[in-house]
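The structure is shown first, and the discussion follows.

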Amino acid sequence: MSRRVLGYSVPLALLLGATLATPAPATGPYTVTALKFTVRAGDRTCTIDADLYRPTGAGRAPAVLATNGFGGSKSDGSTDGIGKAFAERGYVSLVYSGLGFGGSGCLISLDDPDIDGKAASQLVDFLAGKRAADDGTQADFVTLDGKGDPRVGMIGGSYGGAIQMATAAVDHRVDALVPLITWNDLAYSLDPNNAGAHGAVPGAFKWQWANGFYLIGESQPLTAPNLDPSRINSLDCLHFVTDACRTVRALNSGSYPADRTAELLAYSRSVSPVSYLSRVKAPTLLVQGQADSLFNLNEATATYKTLKKQGTPAKMIWQSWGHSGGTAAGELDLGQGNLESTYVGKRILAWFDRYLHKTKGAGTGPAFAYYRDWITDPAGTYATADKLPALNRKLYLSGDGKLVGTRSEVAPGSRTYTNRLVPTSHSESSLAGVIGLPDPAPYDTEGTYLGWTSEPLTRTTDVVGAPKATLKVVSPKAERTQNSSDAADKLVLFAKLYDIAPDGTRTLVHRLVAPVRVPDVTRSFTVTLPGIVHRYEKGHRLRFVVAASDDAYVGNRGIKPVTVVSSPGNTGVLELPVAGG
């Protein structure tokens with residue numbers, strides 16, 4: 001297993017893979033030409049560094065446009081792999097270093113449609129034959145749908161995933177998208193509040209991931225061979241646009257003043273698909289990773305539901321791996337070019353067949369598919385469905401610490417935990433795989449969490465989707481700061497779901513947790529946990545935990561004891577999406 005920061009080469013190079021017809025691997029010859037493009041990007045003019053992969057032979061062909069993950073460049077194994085893989089299969093491939101990375105100029109602007117999206121649109125102009133590269137190279141070999149309208153699709157992961165939606169939002173000439181392991185809302189990604197109040201109430205800052213990326217971005221001018229002035233902002237904010245630096249600094253301050261909270265997260269949201277998806281019309285195949293604490297499955301689900309609701313053709317696959325690892329044999333690796341031999345790869349080829357080659361009979365597969373790590377036969381690891389499983393199983397939080405199946409089984413009682421001034425729970429060291437350090441197993445410290453455990457399961461249970469919990473807590477100290485002018489004074493807690501084996505071994509599925517900043521401690525609230533695909537074997541037990549802290553996040557300000565009271569008529573409820581009912 002490997003994790004390589006936002007450069008989404010998490011396991012290798014990229015991603016992808018249905019039981020569709022398996023075409024023979026294409027290994028046609030192609031040429032590679034290095035090109036430069038001078039573009040206008042926001043208030044700056046800068047140069048984009050790109051490579052053009054052109055299949056040899058006569059005739060026009062559809063094009064594929066791609067760029068790197070955060071911290072990478074056009075030469076990454078995954079980005080370079082896209083160029084090679086699709087050129088071998090007869091596509092014109094144009095891969096480039098994103099703004100502020102590799103040999104490309106300008107500041108890092110987090111895939112802003114009005115900056116990164118419009119810069120990419122100028123590359124679409126090149127593919128359309130409307131403009132030349134800086135050396136005079138013209139593209140007169142791309143299939144056109146009309147004058148100035150090339151047949152072009154986009155593919156890429158993480159930072160190279162969001163750019164696709166940003167580009168499609170400003171340029172409707174883009175015909176197909178395949179965004180992998182990317183975000184829907186950066187405000188949720190970096191400062192999640194899973195209590196259904198994100199936006200109205202800030203969340204818990206994901207400081208490890210956010211600061212890791214910030215340092216990678218700020219170091220870019222220092223690691224570049226020459227200091228292109230278009231890549232330098234100021235001494236206060238070296239390599240990002242100013243609003244991005246201000247956002248990170250504000251989150252690190254640990255303060256959410258009422259008069260600035262909306263402003264604080266407004267920039268993150270403005271550069272996120274959540275703010276502009278209504279403008280995205282290109283058919284979109286979303287691929288998200290199950291092992292991903294940075295951009296979890298809920299992000300792709302939110303994008304998928306929005307696209308479907310507005311009538312944009314969309315389908316979704318939950319592959320095995322993401323930013324947090326999870327590499328599995330038989331999964332797509334674009335660096336290896338194994339498109340035809342993997343489920344996700346075949347789905348991508350079919351998507352481009354349908355929307356780039358315009359093969360009307362090409363099947364694009366089911367609406368939803370998900371990888372199952374408990375299946376050993378590579379040919380059967382993916383299950384498919386026409387929709388996401390519904391929340392169809394309820395368990396109740398009993399006062400004696402049990403998870404029970406009916407309200408009548410709930411024992412009256414109350415239990416209390418207290419947070420400490422330092423974190424006492426651990427889910428993950430977010431960048432451990434990136435910097436090559438071991439990561440301790442998840443743990444919770446006695447007295448700083450509450451847990452509810454089911455009886456051993458009488459049958460195998462497959463949870464597919466995002467569990468939901470409805471909770472009510474009592475916290476007099478948090479209640480006294482409820483109406484503070486600083487939202488950081490509100491109560492923070494962390495919900496999570498374990499699998500307990502008969503021998504007592506605990507598994508926190510993909511080390512995922514749901515941070516919550518309670519909107520109103522005097523009322524019940526709902527927590528949406530990160531989506532999972534997990535088999536609870538017969539004889540295993542489910543354990544639902546509410547913890548006071550997590551060392552990957554910024555938690556409570558001050559000591560705030562929390563009590564949970566249960567009675568048959570008034571208790572917490574855990575709902576699970578169980579496949580097959």
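In this predicted model, Arg-511 is partly exposed, with a relative accessibility of 23%, and Asp-439 is likewise partly exposed, its relative accessible area being 23%. These two residues form a salt bridge in which the closest N and O atoms are 3.2 Å apart. Because Arg-511 belongs to the loop between strand E22 (506-508) and strand E23 (514-517), while Asp-439 belongs to the loop between helix H11 (432-435) and strand E17 (443-444), the pair ties together parts that are 72 residues apart in sequence.

A second salt bridge joins the side chains of Arg-535 and Asp-462, with an N to O distance of 2.7 Å. Here the partners sit in strands: Arg-535 is in strand E25 (residues 532-536) and Asp-462 in strand E19 (residues 461-465), so that distant parts of the chain, 73 residues apart, are linked. Arg-535 is partly exposed at 27% relative accessibility, whereas Asp-462, at 15%, is buried.

Asp-486 lies in the loop between helix H12 (476-480) and strand E21 (492-500), and Arg-557 in the loop between strand E26 (541-547) and strand E27 (562-566), which means that the pair ties together parts that are 71 residues apart in sequence. Asp-486 is buried, with a relative accessible area of 12%, while Arg-557 is partly exposed at 35%.

The accessibilities of the residues in these pairs are collected below.

| Residue | Relative accessible area | Class |
|---|---|---|
| Arg-511 | 23% | partly exposed |
| Asp-439 | 23% | partly exposed |
| Arg-535 | 27% | partly exposed |
| Asp-462 | 15% | buried |
| Asp-486 | 12% | buried |
| Arg-557 | 35% | partly exposed |

A search of the whole structure finds 21 salt bridges. Elsewhere in the chain, Lys-36, Asp-49, Asp-51 and Lys-74 are linked in a network of salt bridges.

Turning to helix H9 (residues 297-309), its 13 residues should span 18 Å at 1.5 Å a residue, and the C-alpha atoms at its ends are 18 Å apart, in agreement with that expectation. At the start of H9, a side-chain oxygen of Asn-296 comes to within 2.9 Å of the backbone nitrogen of Asn-298, and just after H9, Gly-311 adopts a positive phi of about 90 degrees. The buried residues of the helix are Leu-297, Asn-298, Glu-299, Ala-300, Thr-301, Thr-303, Tyr-304 and Leu-307. As a general point, an α-helix has 3.6 residues a turn, so residues three or four places apart point the same way.

Leu-110 is buried, with a relative accessible area of 16%, and Asp-111 counts as buried at 2% relative accessibility.

Terms used
Residues numbered from 1 in each chain as written. Predicted model: local features only at pLDDT ≥ 70, side-chain atom pairs only at ≥ 80, totals over all residues. Heavy atoms only, no water. Salt bridge = Lys/Arg side-chain N within 4 Å of Asp/Glu carboxyl O. Helix = DSSP H or I, 4+ residues; strand = E, 2+ residues; numbered from the N terminus. Buried < 20%, exposed > 50% of the residue type's maximum accessible area, 1.4 Å probe, protein only. Expected span 1.5 Å × (residues − 1). Polar contact = N/O pair within 3.5 Å; in protein donor to acceptor, adjacent residues only side chain to side chain.
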